[in-house]
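Q: Could you take me through one part of this structure slowly? I would like to look closely at the salt bridges.

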Amino acid sequence: MLKIIIQNLFHKEIVSTLEECKVIDLIHQNHIDWMHACGKKGRCTTCKIIVLEGMSNLSPITEREEFFKGIGRLTSHERLSCQAKLTNGEILVRVAEENKFPHMLYSE
């Protein structure tokens with residue numbers, strides 16, 4: 001079972017019986033609006049997640065994520081939700097401040 005907890009969305013929990021899935025797809029399948037300006041192609045960083053716990057439950061970092069780390073647009077605790085797959089267990093994440101939608105209510 002896969003589980004995503006979004007800390008600053010009032011600890012919203014997403015649970016799935018899939019064996020593995022891209023993080024953004026699990027979020028969207030649960031009707032949560034999540035930014036993805038490039039259409040989930042790994043060409044920007046608007047879908048990034050800040051991973052607080054469970055980084056080892058995600059797939060290895062992709063070439064696109066390495067590129068954005070190399071130019072300082074991703075830190076070691078951030079992943080692109082369109083590239084990272086949740087492969088087992090759970091992750092605790094946050095929406096980055098710069099990627100919050102104005103029409104949504106966030107918690108701290």
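Is Glu97 buried or exposed?

A: Glu97 counts as exposed, at 58% relative accessibility. Here buried means under 20% relative accessible area, exposed means over 50%, and partly exposed is in between, using a 1.4 Å probe and protein chains only. Before going on, please keep in mind that this is a predicted model, where local features need pLDDT of at least 70, side-chain atom pairs count only at pLDDT 80 or more, and totals for chains, interfaces and linings use all residues. Residues are numbered from 1 along each chain as its sequence is written, and side-chain values use heavy atoms, with hydrogens and water left out.

Now to the partner of Glu97. Glu97 forms a salt bridge with Lys100, and their closest N and O atoms are 3.0 Å apart. A salt bridge is counted when a side-chain nitrogen of Lys or Arg lies within 4 Å of a carboxyl oxygen of Asp or Glu. The general idea is friendly enough: side chains of opposite charge can pair when their charged atoms come close.

The structure holds 7 salt bridges. One of them joins Lys3 to Glu13, with 3.2 Å between the closest N and O atoms. Lys3 belongs to strand 1 (residues 2–6) and Glu13 to strand 2 (residues 12–16), so this pair ties together parts that are 10 residues apart in sequence. Helices (H or I, at least four residues) and strands (E, at least two) are DSSP runs, numbered from the N terminus. Lys3 is partly exposed at 23% relative accessible area, and Glu13 is also partly exposed, at 43%.

Another salt bridge brings the side chains of Glu65 and Arg79 together, at 2.7 Å from N to O. Glu65 sits in helix 2 (residues 63–70) and Arg79 in strand 5 (residues 78–80), so the pair links parts that are 14 residues apart in sequence. What about their surroundings? Glu65 counts as buried, at 0% relative accessibility, and Arg79 is buried too, with a relative accessible area of 4%.

Finally, salt bridges can be listed as a group: Lys48, Glu78 and Glu98 are linked in a network of them.
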